[in-house]
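Open your viewer and keep the selection tool ready. This tour moves from stop to stop, and each stop says what to select.

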Amino acid sequence: MKEIKVGLGTCGISAGGKMVYNEFKDKLSQNNLDIEVKQTGCMGMCYNEVLVEVVDNGDSYLYSKVSSDNVEKIVNEHIIGNHPVDEWIATSRKNIEKDPFFKKQKRIVLQNCGIIDPGSIDDYILYDGYKAIKKALQKYSQLEVIDIVCNSGIRGRGGGGFPTGVKWKFSYEAPGDSKYIICNADEGDPGAFMDRSILEGNPHSVLEGMMIAGYAIGAQEAYIYIRAEYPLALKRLKTAIGDCEKKGYLGENIFGSNVSFTIKIKEGAGAFVCGEETALIASIEGKRGVPRLRPPFPAHKGLWQNPTNINNVETFANISWIILNGADKFASMGTEKSKGTKVFALAGKIARSGLAEVPMGMTINEIVYDIGGGIKDGKKFKAVQIGGPSGGCIPASMGDMKIDYEEVTKTGAIMGSGGLIVLDNTTCMVDLAKYFLNFTQNESCGKCTFCRIGTKRMLEILERITLGKGRENDIELLEDLAEKIKNSSLCGLGQTAPNPVLTTIKYFRDEYEAHIIEKRCPAHSCAALLTYTINENCTGCTLCAKKCPVNAISGEVKEIHEIDQDACIKCGLCFNACKVGAIDKL
Amino acid sequence: MTVLKIPEKKREVKNFKIDLLTKKDHKGALIPLLQSAQDSYGYIPEKAIYYISEIVKIPAARIYGVITFYSQFRLKPLGKNVIRICEGTACYVNGSKSVLEVLQDELGIGLDETTDDGLFSLQSVACLGCCSLAPVMMINDETYGNLTSKKIKKAIKEYSFAK
């Protein structure tokens, strides 16, 4: 009995997954084969998209980088001829433990992503789905559920790292008849995509976690606040909720208990600050998403002034595993204060980008080299950016650092939601800090003066540094402003906005100084600080002169050319055009 | 279920619906209503603001405040095809700046502008979440990854011909 699964997450679809899917259906029906072609979510091997899994008598084979041209051969040789096309196979399920990308991973949240059909509730049930909520309802009291979550040691996966069980307890104890559960799916950190992949690959796991939370704290209504930029995740969530309602898993008296629970979707409207819990609540209420002072915490006064428990997608996706496998088993993974696993979105200048779920406490080097396969194009590993715009850059020299909440915080970055952008020696750290500050400055809601104006001033300083107009005390000025913004902002956005600047100053001060004092960009990235010159390799082919938009390059055919530095606008077209490496970028 | 109709000249009139049954939903209905209005018209016409204001009993000025707070909402119509360039970190370090340059050159417009023929609008978005395919852009609901200037030009041509 064979079965074909095509990875159709956003990443798979962008790589052409739908065409592959259709091609398989066509080819199978042409050959009158009654074999099911299933869609699944992201397996995490984004670097290998489009991924196709052929399940074949107990084992299964993962075909990587499949295009619709490959389909016919796979169907003819593997499906019909029973000879797997070895040269296209990345790994097989039996050997998955040996695959370098999977070897060091421990998959809890992602265990069924890429295996089950996210559009089918029956598929989820087949893989132990909705067993945990049944177990919780039948076996445990509300407080017992909260105790299990407390004992597991799980902490908020959205970035804050607050113990989830404690948060539940607050909402449970808060007086009030109507309580709410909110799932924060407003994954706004640039560079983070694990929540999207979970929602696309296994939406029911999030719903089940929410149901268990609802039962535990006594909430009957729940909202999922999801980014409008995730159309596929939204679609799959809607299907999942609809299927649950049809089966009676959502609504009155779920699973034959006296508990009622409904889940509604609220689409975000594009504001990064709405990832902050009080801003998110304001947005659900239909207002401008502006944070407010805490206390009162949402656990006491949240949505419409009622006790509200907010957790992130990944947190909820862990819950059913904890209930089924027990708190101890979860707590046995990770470090002393950070338990369980964390999903990281590996991207940037890395060879194998994708989603990696690892036990807390794995070192940066293990993630970058062992799982991620090192740096792309043989360049030098410079730093990782962790935690998005609230986080910071950790240099390669600290690669032995274990990643958990405490260790990351010590560096001046934060764990954040789990974006891990790998940088090589062509990335300018000042430019990167500028990029993040530009982002937070744009997304500041404007309520607090220091966040609104302070980030703007910091951005202006960084801009002049990258333009070669930096002043002598600019670094100190940045540090001074940063501290004031951190101390005088109400919410996490402002309090963490200076982190990318502070960590890059901390670990890459020499780069700032090179920009300011020597007017030089060591990474050769800041255009205004570059000088293009032509060396002896020049064959006089005139290609660069033809490409130059301002006619700054002169020289006779077959003679060494020259660039007029006053006329040069540093666009880099000559550098890209030269085929003999005769143009130096300094 | 209440069905709302907003008459609008020339443009196709669609009904947009929202569940206003319970009082609680009524309280939080503003943003979903604005989203439906935008889905129907491609932007939020002034008339819609006044109409929604009557339904949710919130002053038009405050609704305007909500509209301008969220980057999703537009007060002007968009082009037929919307190109969104990802400005996420992974895209940034993989050259999204030059993607923007190519697009600007090809279309002759800047960010948040629409071509004269009304065919394309150019926008940026914080992160599309396809970081492994960086640099990425989206045209309408289609995502394009691992962009090169060739790929960008090809994609734009496809949409230009598909008028």
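What should the 18 residues of helix 18 (residues 449-466) of chain A span, and how far apart are its end C-alpha atoms? At 1.5 Å a residue, the span should be 26 Å, and the end C-alpha atoms are 26 Å apart, so the two agree. The expected span is 1.5 Å times one less than the number of residues. Helices (H or I, at least four residues) and strands (E, at least two) are DSSP runs, numbered from the N terminus.

Some ground rules first. This is a predicted model, where local features need pLDDT of at least 70, side-chain atom pairs count only at pLDDT 80 or more, and totals for chains, interfaces and linings use all residues. Residues are numbered from 1 along each chain as its sequence is written, chains are lettered from A and ligands numbered from 1 in the order in which they are written, and side-chain values use heavy atoms, with hydrogens and water left out.

**Stop 1: helix 18 of chain A**

Stay on this helix. Color its buried residues (under 20% relative accessible area, 1.4 Å probe, protein chains only). Among them are A:Cys451, A:Met458, A:Leu462 and A:Arg464. Now show helices 17, 19, 20, 21 and 22 of chain A: the buried residues of helix 18 pack against them.

**Stop 2**

Select helix 7 (residues 142-152) and helix 10 (residues 203-217) of chain A. They pack at an angle of about 125°, with their axes 7 Å apart. That makes helix 7 oblique to helix 10. Oblique covers the angles left over once under 35 degrees (roughly parallel), over 145 (roughly antiparallel) and 65 to 115 (roughly perpendicular) are taken out.

Show side chains next. A:Gln142, A:Val145 and A:Ile146 in helix 7 meet A:Ile212, A:Tyr215, A:Ala216 and A:Ile217 in helix 10. Contact means heavy atoms within 4.5 Å. These residues divide into 6 nonpolar, 1 polar and no charged.

**Stop 3: chain B**

Switch to chain B. It has 7 helices and 7 strands. Buried residues make up 53% of its 163 residues.

Zoom in on B:Leu30, in helix 2 (residues 30-41) of chain B. Is B:Leu30 buried or exposed? B:Leu30 counts as buried because its relative accessibility is 2%. Leaving aside neighbours within four places in sequence, its contacts include A:Gly286, B:Ile52 and B:Val66. Last, select B:Glu106: its C-alpha atom is separated from that of B:Leu30 by 38 Å.

Technical notes:
Axes are lines fitted to C-alpha atoms, for helices over the stretch in contact, and angles run from 0 to 180 degrees between N-to-C directions. Ala, Val, Leu, Ile, Met, Phe, Trp, Tyr, Cys and Pro count as nonpolar, Asp, Glu, Lys and Arg as charged, and the others, Gly among them, as polar. Buried means under 20% relative accessible area, exposed over 50%, partly exposed in between (1.4 Å probe, protein chains only).
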